Amino acid sequence: MKHMCVCRFHNKTHESFVLKFSCKMVLTKQFLRYEASAQFGIVASQRANVTFLKIRNTDSRYVAVGACENVNVWDTRTQEKVLVLQGDKCEVTALGSSTKGDQLAVGYTDGSVQVFNVITGESNVTFTGHRSPISCLAFDKDGMKLASGSHDTEIVIWDLVNESGLYRLKGHKGIVTHLHFLVKRNMLISSSKDTFVKWWDLDTQHCFKTMTSHRAEVWTFVIAQDESRLITGSADSELRVWSLEFLGQQESTAPPPAKQNKPFEEVADTDNLSIDDMALEDIEMVEDRQVVCNKMGSIMRRGKDRVVTLALTKDGKHLACHGNDKTVELFYLYSEDEIEVRLKKKLKRIKKKQKDDGENVDTEIFVERSVDDEISPAGICACAGKVCSLDICDTKTPREISVVTLLRNNQIESVTARTKVTTTDYSNRKCLSLLGHRTECKSICFTSDGLALLSAASQSAKLWNRSSNQCVRTLQCVHAQCCVFVPGDRQVLIGTQSGSIEVHDVASGSHLETISAHEGSITSLCLTADRSGVVSGGEDKTLKLWEFDLVPDEKRPGTNRLTLTHTRTLELDDQVLSIDVSSNKRHVAVALLDCTVTIFYVDSLKFFLSLYGHSLPVRSLSISTDSSLIVTGSTDRNVKIWGMDFGDCHRSLFAHDDDVMAVKFVPDTHLFFSCGKDGLIKQWDADKFLLIQVLKGHIGAVMTLAVSGDGDFIASSGKDRSLRFWQRSHEVVIPSEEREKEREEEEEKVLPKSQEAQIPGEAANDEVGMASKTTIESVKGAERIMEAIELHRDELVKEMEHKSVQKKGEEVPYQPQHPILKAYGNIPSDRYVLQTLRKIKSRVHHGRITSNQMLVEVLDDLRRNTQVKVDQLKDRIGFNIAALGHMRRQIEARNDVTFFSDATQQRKEKSKKKRKREKLQRAVIAV
């Protein structure tokens, strides 16, 4: 008899090992999962818009912005983050707040829409109906419906009460840029990059009017002055103003608008018009019977580029717009009373001018109402950076508004503007900028205890607390390229683009000294193995060794400060890209621009090894703690694992779909991480050459990463200006299962594209469709249902055969033969179909129905009555089919005609008999 002993233990790196003892010892290595723990350092993403929220009965204080996959709610007065609406792994692309301000709709790049309660921060419902990123969102006046526009050129109307999609509106040929519900009518207006503005009747679910006067993309629009004016922004410096007149506003006795007579030249050209063009003119006449849009004029902006955003206050008196520059233009919209006063003054000036010119004053002078009489410029607000989105809100003070702008350099700027007759005063200007970098981080590093993280960017370096994710210190520097903590974590060394090393004190945040180190940019800083100095490399093709030293502090007499003393210099053949020193104090590895990695002895700086194999320059390298392996990541997308003894390449791995930006070993292990421009962080096993797991979260390229001393935390920085922490958990990772999940995700992405194909000749409604989307779950659910139904049919056939055997007098008990039914305890096949249906989770209402005890009786009634109603429906359909057959036979007998289907069948039978006769004749002739 064999005895087996199983022992499980953990080493100091938290890797789990299982040892089994029988005849021999088998070692199984298990890996622990890293999970996302925090996202910080980003104030707002550029892709989503900014919107005001109504919280605690305040309209102009709280704003919501997208922050990668999350939504941050900021208090503009205290400059604090008050709420974070957690999203999934997709980036936020659009935000829309309800009229009451209690709901916030968030659109993502995968085409899904989540509706959050801004008070509790919980997600009420998730809608999935688009195949492309959401571009715009709009609530109706009651907050009962939500319209979403997407890059797939379609509009979906959602019912927030029933939490389901109503219908899909099709008609645009470009990205839907803006949506707006009319307050007084059940209509929707949409604009698109196809240059069209469409009017949709939601009662009949069709587009009844298309405005085709724009010659370029329509990026945004607003409805002003009690839905009597439409202001559109296009790809030029004009704001076009349209007057709106609806059918209910016209006199009921008035005839439809007559077509205007065209000049002779235009009439002569009608011979060249196509039938579609002439039909379009007739359609436009029908459209005008519901709403008439006439162009009143244009408002000229000072900006020369396209209009990005148009925003209107709730009272409709202030309008704000901006382009791709740093300015925001404000306009004031006059009320009807103010317009009348302006027209009277205009008339008075005309009469005075006629009197001064000696002309006869005409008492019946007609003053035409123009756009300038309704809208006038109110001022220009300059921002600290280029504006990518804005929102405005009126305050309790007359002619005063709050303007919030989202800038492209990771800032939010808010200002209070008070419009006057001739000027505009700006006050309470605040900028949310201290909680993030203006550009992406160039380098990050942990403290020795792993409790803090330092991130270095172009303008500053920031120290972040790992527990609270708050910025505790900001160090001003110039074009930082790399950084490293001095042992003891009291000072920081920052390598700059100018070739100097800056020494900063962490406690006070003061700049201690600037040391001229290299003639070019410093690309890498690394501590020596004995922690007594640093090694620096730059673009001047030199490698320099420095030692820490203490000198008297001039600012504080009687105290010493840290400095660096240059000891040795190594001349190299090309620019230095990355440096690492082995833990055994023997070697220093240098990655050069010539695609090679050269290893030198630390004590003598003599050549030891040269690693060849990469086709493009090596961006990063790392040496394992036991100094036996070195891993290199290159721009050629490959990661290579080398032996430090002989420089042999153990394995070359195709690691990322784009450039590999950084590689880093986990201390005391042969596990390492790599990051690339494809936005992924991957963990590898350097012994088994195995991909363990993939960490997804960054939107865009991941520029650098760092690993804490104990290996429990990973920090990463990306092009999206976000910093992220990844924490090691106790969950075991199985690499094969991870690869299976990745394949399913790829199939999920490909599936919506495969559903777009249409059968040639198939008649489809191009204007209205169902608000649904095919997913992997729905496809698998349909397959399981079909398999269960097929099994049920097979069992019914077997049961009928068993009954036929019993009729012959043989008493044989019936037992289900299918192994699945036996596994479920010999249950009937119909019960198996029911259980299959129960296991398929519906995306709408399932959770609310199954968790509500009040609906138990309703579900029980449905269970009892469904079969009865279905049988009644079958009887009714069968009766109707029999009646239709009887009517057909009567018609055939009365008119002596045969229906097409029967005639076709008779013709086939005659042709078959004819072929048999011909075949028989040929056989006789052959004999």
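Helix H10 (residues 856-895) has 40 residues, which at 1.5 Å a residue should span 58 Å, and its end C-alpha atoms do sit 58 Å apart; the expected span is 1.5 Å times one less than the number of residues. Helices (H or I, at least four residues) and strands (E, at least two) are DSSP runs, numbered from the N terminus.

The model is predicted, so local features need pLDDT of at least 70 and side-chain atom pairs pLDDT 80 or more, while totals for chains, interfaces and linings use all residues. Residues are numbered from 1 along each chain as its sequence is written, and side-chain values use heavy atoms, with hydrogens and water left out.

Next, the sheet. Four strands form an open, antiparallel sheet in the order E4-E5-E6-E7, where pairing takes at least two DSSP bridges between two strands. Strands E4 (51-55) and E7 (80-85) are at the edges with a single partner strand each, so one side of each lacks a neighbour in the sheet. Strand E6 (residues 70-75) pairs with E7 over 5 bridges, and Asp75 has Glu80 of E7 as its bridge partner.

As for nonpolar cores (buried Ala, Val, Leu, Ile, Met, Phe, Trp, Tyr and Cys joined through side-chain atoms within 4.5 Å; buried is under 20% relative accessible area, 1.4 Å probe, protein chains only), the largest has 20 residues, with Ala320 and Val328 among those with the most contacts inside it. A second, separate core of 19 residues includes Val666 and Ile681.

Definitions and conventions:
Buried < 20%, exposed > 50% of the residue type's maximum accessible area, 1.4 Å probe, protein only.
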